[in-house]
There are 2 protein chains.
Amino acid sequence: MADMRDMQQAVSLMHRLGDAASEAILPHFRKLEAVESKLEDGFDPVTVADRGAEAVMRSLIEEVFPDDGIIGEEYGIERAEADRVWVLDPVDGTRAFVAGLPTWGTLIACMEGGVPRAGMMVQPYIGERFWSDGTVSRWSRGDEGGVLETRVCRDLADATLFATAPSMFTGAQKDAFEALADRVKTVRFGTDCYGYAMVAAGHGDIVLEAAVQIYDVAPFVAILDAAGGKLTSWSGGPAASDHTALAVGDPALYETVQAILSGV
Amino acid sequence: MADMRDMQQAVSLMHRLGDAASEAILPHFRKLEAVESKLEDGFDPVTVADRGAEAVMRSLIEEVFPDDGIIGEEYGIERAEADRVWVLDPVDGTRAFVAGLPTWGTLIACMEGGVPRAGMMVQPYIGERFWSDGTVSRWSRGDEGGVLETRVCRDLADATLFATAPSMFTGAQKDAFEALADRVKTVRFGTDCYGYAMVAAGHGDIVLEAAVQIYDVAPFVAILDAAGGKLTSWSGGPAASDHTALAVGDPALYETVQAILSGV
């Protein structure tokens with residue numbers, strides 16, 4: 001952002017987007033009629049909630065910042081060349097959502113020059129959110145809240161590793177994931193956006209994922225950065241640049257993990 | 001239960017136990033100091049919350065029904081030969097709890113003659129509960145609530161399968177799990193008690209687990225039964241009798257799944 005005031009306005013809009021998305025999504029959670037299938041032959045459910053929430057977020061952004069760009073999981077790209085681009089994933093974790101599990105979330109990021117500067121994850125059913133204003137990362141739930149800080153984890157043997165599903169890894173990526181999984185204390189699947197949020201909050205140490213898009217991870221680049229962690233692609237490029245994501249809470253683990261992933 | 005009034009009193013106590021456990025557990029969720037290790041060399045975290053919640057539930061049961069038996073995950077067995085035995089797992093999903101994920105729950109079951117007649121799952125952080133009075137299964141969250149009913153799923157190819165972790169299956173059980181996983185539409189890990197609750201609520205179709213104890217599944221025997229489903233061991237015995245659990249929402253799937261598990 002050019003200055004502090006721009007950032008304050010952007011963060012204020014993120015909260016409004018989170019509120020609007022929550023209102024659009026909640027009536028559809030655990031309602032059985034809302035599921036349709038995106039692919040004829042695969043399982044990629046997307047809900048009425050997903051589309052409704054993205055539409056309402058897009059129109060709010062266009063109303064407040066008409067020159068900003070938007071990249072949305074459901075309705076695509078507009079003004080990608082703008083100075084500031086909003087990245088939206090109304091329901092990250094659609095499979096969790098469809099299965100009634102409370103581990104999905106609404107993801108909102110604010111990028112400049114292709115880099116996420118601020119970001120937010122909202123869980124409408126639980127009523128909690130995690131966000132960064134580019135300087136400090138915070139969480140809140142009703143009147144409660146606090147600063148997010150990653151935890152110290154110097155030794156991989158002490159680490160908790162999160163991933164959404166073993167099936168997201170195939171071929172060489174599967175071998176790399178398993179090599180890492182063999183070295184950590186515990187592996188937890190089924191985490192979706194909560195994996196990144198809990199690393200930022202100091203309750204886990206690593207997230208490793210494949211087949212990710214920019215809208216799956218963009219807010220967490222900003223959230224992890226301000227919380228003391230790091231989120232990149234497996235090879236150290238921008239997160240999701242090659243559809244991979246590696247998050248660490250303690251940057252001291254980063255090189256060790258990368259060496260394992262590259263088979264060094 | 002001998003009669004309706006006994007059952008009403010038992011269900012009323014279950015709600016009080018759920019309230020008391022929530023109060024004991026919540027101050028410790030996402031607080032980093034509360035974790036201790038049960039095993040020297042393994043990862044089996046148990047929290048201050050776990051022990052505090054079981055202690056408060058045990059004393060409530062002893063106050064209201066001093067002749068009843070208790071089986072608890074933390075403090076063991078008392079009066080197992082009693083007509084009525086309470087089965088308690090204060091924090092089912094301790095790994096989720098320790099990782100800050102909201103998929104753990106407090107489990108309470110009321111057994112007669114070794115059979116779960118009523119049961120409850122409470123998720124204190126989200127503030128929702130799922131329970132059965134032996135006749136009807138229900139959920140509630142604040143002022144909201146409703147009846148739990150499993151969904152129709154005639155074809156395994158349409159089924160959503162839940163399990164807590166792939167690592168719970170080893171040897172022949174791993175082969176059996178994978179044979180089943182290959183036949184369903186989608187597999188979701190990381191579910192803990194939510195897997196059973198969501199099958200009861202009609203958002204999933206099958207839970208398959210190994211290495212389970214009676215306190216991990218007892219309430220769901222009653223909840224699934226009244227919701228239209230079924231929960232047994234893999235081979236059709238009482239759930240957890242050989243440390244396995246198979247839950248189906250649509251009993252029409254039951255024999256097909258069993259045949260796959262037994263390699264027929």
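## Basis of the model

In this predicted model, local features need pLDDT of at least 70 and side-chain atom pairs count only at pLDDT 80 or more, while totals for chains, interfaces and linings use all residues. Residues are numbered from 1 along each chain as its sequence is written, chains are lettered from A and ligands numbered from 1 in the order in which they are written, and side-chain values use heavy atoms, with hydrogens and water left out.

## Interface between chains A and B

Chain A and chain B each give 31 residues to the contact, where contact means heavy atoms within 4.5 Å. The area buried between them is about 2,800 Å², with 61% from carbon and sulfur atoms; buried area is the accessible area (1.4 Å probe) that two parts lose on being put together, summed over both. A:Y125, A:R188 and A:H203 supply 23% of the area that chain A buries against chain B, more than any other three residues.

Between chain A and chain B there are 4 salt bridges, each a side-chain nitrogen of Lys or Arg within 4 Å of a carboxyl oxygen of Asp or Glu. One pairs A:E128 with B:R30, with the closest N and O atoms 2.7 Å apart. Another pairs A:R30 with B:E128, also with the closest N and O atoms 2.7 Å apart. A:R30 lies in the loop between α1 (4–25) and β1 (35–37) of chain A and B:E128 in strand β8 (residues 128–132) of chain B, so the pair joins two chains; helices (H or I, at least four residues) and strands (E, at least two) are DSSP runs, numbered from the N terminus. Both A:R30 and B:E128 are buried, that is, under 20% relative accessible area, with exposed over 50% and partly exposed in between (1.4 Å probe, protein chains only).

## Salt bridges within chain B

Over all chains, the structure holds 26 salt bridges. B:D250 and B:R154 form one, with the closest N and O atoms 2.6 Å apart. The pair ties together parts that are 96 residues apart in sequence. B:D250 is buried at 7% relative accessible area, whereas B:R154 is exposed at 61%.

## Cysteines

The whole structure contains 0 disulfides over all chains, a disulfide being a pair of cysteine sulfur atoms within 2.5 Å. The sulfur of A:C110 is 19 Å from the closest cysteine sulfur, in A:C193, and is therefore too far away for a bond. A:C110 is buried, at 0% relative accessibility.
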